[in-house]
Number of protein chains: 4
Amino acid sequence: MAQPQASAGADTGKPPLRVGMVGYAFMGAAHSQGWRTAGRVFDLPLSPQLAVICGRNADAVQAAADRHGWAATETEWRALVERDDVDLVDICTPGDSHAEIALAALAAGKHVLCEKPLANTVAEAEEMARAAEEAAGRGQVAMVGFNYRRVPATALARRMVAEGRIGTLRHVRVSYLQDWLVDPQFPLTWRLRREQAGSGSLGDLGAHIVDLAQHVAGEHLAGVSALTETFVKERPLPTAPSSGLAAVSAAGTGQVTVDDAAVFTARFASGAVATFEATRYATGRKNALRLELNGDRGSLAFDLERLNELEYHDGTEPGTHSGFRRILVTEPDHPYLEAWWPPGHGLGYEHTFVHQARDLVHAVADGRTPEPSFADGLQVQRVLAAVEESAQKNSVYTPIAA
Amino acid sequence: MAQPQASAGADTGKPPLRVGMVGYAFMGAAHSQGWRTAGRVFDLPLSPQLAVICGRNADAVQAAADRHGWAATETEWRALVERDDVDLVDICTPGDSHAEIALAALAAGKHVLCEKPLANTVAEAEEMARAAEEAAGRGQVAMVGFNYRRVPATALARRMVAEGRIGTLRHVRVSYLQDWLVDPQFPLTWRLRREQAGSGSLGDLGAHIVDLAQHVAGEHLAGVSALTETFVKERPLPTAPSSGLAAVSAAGTGQVTVDDAAVFTARFASGAVATFEATRYATGRKNALRLELNGDRGSLAFDLERLNELEYHDGTEPGTHSGFRRILVTEPDHPYLEAWWPPGHGLGYEHTFVHQARDLVHAVADGRTPEPSFADGLQVQRVLAAVEESAQKNSVYTPIAA
Amino acid sequence: MAQPQASAGADTGKPPLRVGMVGYAFMGAAHSQGWRTAGRVFDLPLSPQLAVICGRNADAVQAAADRHGWAATETEWRALVERDDVDLVDICTPGDSHAEIALAALAAGKHVLCEKPLANTVAEAEEMARAAEEAAGRGQVAMVGFNYRRVPATALARRMVAEGRIGTLRHVRVSYLQDWLVDPQFPLTWRLRREQAGSGSLGDLGAHIVDLAQHVAGEHLAGVSALTETFVKERPLPTAPSSGLAAVSAAGTGQVTVDDAAVFTARFASGAVATFEATRYATGRKNALRLELNGDRGSLAFDLERLNELEYHDGTEPGTHSGFRRILVTEPDHPYLEAWWPPGHGLGYEHTFVHQARDLVHAVADGRTPEPSFADGLQVQRVLAAVEESAQKNSVYTPIAA
Amino acid sequence: MAQPQASAGADTGKPPLRVGMVGYAFMGAAHSQGWRTAGRVFDLPLSPQLAVICGRNADAVQAAADRHGWAATETEWRALVERDDVDLVDICTPGDSHAEIALAALAAGKHVLCEKPLANTVAEAEEMARAAEEAAGRGQVAMVGFNYRRVPATALARRMVAEGRIGTLRHVRVSYLQDWLVDPQFPLTWRLRREQAGSGSLGDLGAHIVDLAQHVAGEHLAGVSALTETFVKERPLPTAPSSGLAAVSAAGTGQVTVDDAAVFTARFASGAVATFEATRYATGRKNALRLELNGDRGSLAFDLERLNELEYHDGTEPGTHSGFRRILVTEPDHPYLEAWWPPGHGLGYEHTFVHQARDLVHAVADGRTPEPSFADGLQVQRVLAAVEESAQKNSVYTPIAA
């Protein structure tokens, strides 16, 4: 008798969406979890298939395929992109290869999901956005992986802003605080080299908060005034290829060529005033992406370390009984919650990837441009470029190119 | 070309552990997620297979199988129990059928995972514990599903108590607060009928906190003094079979035959003094399982609504710099965290079922009695029986039968 | 030229209320602050005068008078009670002398403020309540010092309950957690001796929470089921007279004759179910008086360690945007806040004594019985007696004598 | 018989320190509370006397004197400054009169306490600092009223930084959020007019956070890059003289000539990177002065809305048990706490003025320059000037003049 199998989609009678994923480190594991789970929780029009996983080391990629449940492997991303049995290419590599892979995948007629930041330069991002727009004409979809839009609490925040619940926006304060570089002996992984990562905390953490703040606010930044810093300028070289996060100490040392921290003030298009901070040196803050918006009718506050909660202050209530309330974003009418657990039974970090997969599958089935699109990714890239330009020009206020 | 499939285990070369699950409502969905994910995240000795799912309604069970990824279906649990291609029977039905199914499964040579509470009566639980002990002699394992032991924060709390970090235990205060019965129009589902559910908040929520408090404290309760209450004594009948949690209003009404709330004081074996509260009437508290332990060297506090956190007070520190610290239980050396995400990237409710599956697979592979065993489940049942007895006897202090 | 003086009342043209205070330890300092400040912040009909302070040790009482600003001293409370220039006797001594002093003061025609608990026995409290009632006929007022009613947040909570904002009461959970007895070397002060303190954590902390819970709930307890414990049964004798809180180690040891902790479940008159806990062994909890009330329309929660805040859940709001809100109880329309600082500029512990003085002055001027009256104090005493009786009778449910 | 009086100092045998206060609105009330209480709680070398209070309206100032307990009144500050029975002049007026009064008081040989900001311009502040330095040679002391240095939690934070507990400073993030200008109908009080207030949120809130951040960090800012905004440019004129905070609507409207909000990034002398935000438009934030410092060995965080707490993360602990701990800053060995209540019995806003009075009295008695000195106030003024300059120059990074 045949082995019963927990296959994803084969047994549902739904058309498959065959995914080919490039890269299998931290993001690869998270995306695998997303693809594997989305069709099991949500009622999707297509059934995601974990078809092919790609990495340069044959043994390592096979181990990743076994662990995460991918049916086949490749060691060359170009081979994966050309496979007939791949409908969507999911790019989980460092930023320096995003453009090349994405352009090839779009050219090969594939749908694309590309991890953030979209690219390491504005020029690359522009080319990618153009290619995505053309591919859209051929029915292909392309999405950039700003997964924090898919935390139910941030999605609820966006909805509440759009409903007018906080009124005219006055202030946004947003920070993304981590602390994994505090130790000067942490090695010089690819995330600390400009040629691979493009930038440091700015492209890694800053990209997230720029996208999320604009997404929740429902408007774009107009300009920034920035200051960046590299606190520890030399670090030990890693002894082995690493995932970017793992600490492997080694003999020699090398130059850190990216920012350790980036802070900037900004104006939104509406005139709201903002502060941003991205750092890997905030001792004790592990993953503190914090976002607060103050409008003339109310305020919203979020902290990724408590991702099932959204704080809301309704400024139209009498002061006697008003206050910031902790909304436990686990009710059935909250975003993405229709399919999960009863109220109060919280979700975790990886659910953002399940929700991302859900939304992307719907976009593919509907043939419409998903959010965030490559154009959205490009716009974030332009903000990051303005931040770097301002930092280089003595913090002078630098408008964002339209 | 064959469909690539996200199969669980078939591709790993590991021996399979073929699961047959009875029931497919709330717990069924949660257990499915656990079985599907455990082998993808943790390095397990056996590969869990979602082999057979069983429910009385053929269409509904097929839909559940498709949704959750089970390979086959049955409509009679006795048929499932007898299947050769099932190694482990996972019982997710209401409490009144636990004993019958578990006894049959053990008799059929299967391993068993049984949802909590173990049974609706002490007599049933005793029989189940006896059967499990005999089956253990034949290499079978039996576990009861107190999943909250597998929240990393509670597992860490237990470890810290065992390490002596809080010293001699003085106080335990524990409550499990929900609010889904506040509306008197919520219908009379099976969870509100004694014949099916055994008891109300006591067996549902109380069982969890009795087990968790004893587990973390590392000792048993000696006696209790209890008070129970049914605030709303009559409720509308549901129009359709429900999962116990869903609200479906209807024409007629029926008697609520279980407790709405149970509160009790208790003594632990060591002399520590405790308060317990289980209720479904705590407006605004959605899933507030709170546990605090005070010892003469320190204290620990946990709240399931913030399940990635454990509060710890080290009483041996100088008062000048001491205070309850919020441990974000997401570090690689925290329980279960070796396989998940970087620090600060939290987990959710369903991960308890992934961890439960992980631990059970190891127990099966090692041929050792898992925790919590059926004997543990029986002991909790005895506490619940003492609570009911005390409540009936004017709250008189009632020792727990050994 | 005469010395300018920060006198209380002499310069305001208002009739004075001349206070004579017995006792000058912790409570004496707090009451002094209350009397000194009330007329400076609130617009009072009478001007409180710190007239006479009394203590057995002449030097110590003179030092206290100088420190706290009392105009005269006495070393015999009977002398103070008889003075013509004292209008109100403020009793800040241990519980064993409350009855005698209060009865004498009432007999001497004085108004009385008596620290809680009203007395060490129900019999004493009954006599005091009778005397207060008779004195009321002569225009005298008598108040018991349950100062936590005068935290703005608890006063607001009471008002909100009375306004129907939480609907029918279902649950009350209240605890008062301190940790100053965790160290077994803490000496045997008067607070640990039954003959002086009457009881331990029960009369000290338990009295507060029984009064506060009933006050906020707006109803009385009907019965209790209790359990008390003395964890450390022998302690070093103090070397010097102490204030009850100060730790002074010594050579010999003595028997602790009061409870270290008291826990009890209870029913309110309306049928609401409650848990109470009072302890001095909750390591790391310094002054955690926590009160939560759940009704069928809403909930309220308070923690004395964050006394400027009240948490409120409005259960009538749609779940989508509801949650426990943190009301910062510092708005001008909050209780007692009309006279203090702008919103967000919080108050502290001692302000409860300022508010107590304010309310008592008004009651004296209006000639009406203040709250909490001696009758209220007696009723709390009856609850404490029922707690002790239940604890002695194997926790059996014990109705509160009416 | 003489009226007993709660006089401050006359009865203690200590030499008096006779205070003359100019201004009697919000700050006047707070300072009165400070002077009245300091000698009653702390053991001071001099006894503060509330000697003379000054205001332009004779009736109003007499009412204030009666309310707050000042012995005499003046309607001309010059008269007060010249009085022989005044030792110390306490300046609680709007910023535009600080320089004139302070210079006159110093010239008249008085000690001076001047509310913050020290002045409305750097030039004035320089003159004041010079005068203070000269006066110091004559044994006079001059202090500027940055009262938030005297919150026990911020004082503890400074001590911990100085002890090296957070190591090398990397990040400071600080904000002072209020919301009393959100309503566009709030009238144009003196606080919204440049000629009186000097600046808006910058001088009011920004001055506080610049001083506090530097004080706690133990180092000065090197430069800033700033952005300011006036959201509501026209407001109704008030109908009556107001305290600056009270809302009194009126017929006509006038121009708001100060900033509503100021945000800036900054570098500290050591290279640490900072963000600052001061605003009166943060709906729902009443008095949220928040300060966080991250160093390479630890972090500290403070929020004025919870002023009895300091959060501390010890980065040298093993990650397994580390986390931000909530220090309840109420222990006897915490700053200023030796004289207050038992642990957990918190203080409030006004206690900062009691502590300020305490420290100033000691400085007067010891004949040493108090902190913060006028030189400190001048340095803050230079930071504010650099902020304004940067905001006018397109946010360009602007060094702080030394």
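By what turn and what shift along the axis can chain A be laid on chain D? Keep both chains on screen; the model is predicted.

**Stop 1: chains A and D.** Superpose chain A on chain D: a turn of 180° with a shift of 0.0 Å along the axis does it, and the RMSD is 0.0 Å. This is therefore the relation of a two-fold axis. To find the axis in the viewer, select A:Val396, whose C-alpha lies 2.1 Å from it, the closest approach of any residue of chain A. Next, colour the contact residues of chain A and those of chain D: 100% of the former recur in chain D, so that the same surface serves both copies.

**Stop 2: the two domains of chain A.**

**Stop 3: where the domains touch.** Between the domains of chain A, 42 residues of domain 1 are in contact with 45 residues of domain 2. On the domain 1 side, select α1 (26–41), β5 (111–115), α5 (122–137) and β6 (142–145) of chain A, the elements that each give two or more residues to the side touching domain 2. Of these, centre the view on α1(A), which gives the most, with nine residues.

Finally, colour this side of domain 1 of chain A by residue class. Its residues divide into 29 nonpolar, 10 polar and three charged.

Methods
Residues are numbered from 1 along each chain as its sequence is written. Chains are lettered from A and ligands numbered from 1 in the order in which they are written. This is a predicted model: local features need pLDDT of at least 70, side-chain atom pairs count only at pLDDT 80 or more; totals for chains, interfaces and linings use all residues. Two residues are in contact if their C-beta atoms, placed from the backbone, lie within 7 Å. Helices (H or I, at least four residues) and strands (E, at least two) are DSSP runs, numbered from the N terminus. Ala, Val, Leu, Ile, Met, Phe, Trp, Tyr, Cys and Pro count as nonpolar, Asp, Glu, Lys and Arg as charged, and the others, Gly among them, as polar. Copies are superposed by least squares on the C-alpha atoms of residues with pLDDT of at least 70 in both.
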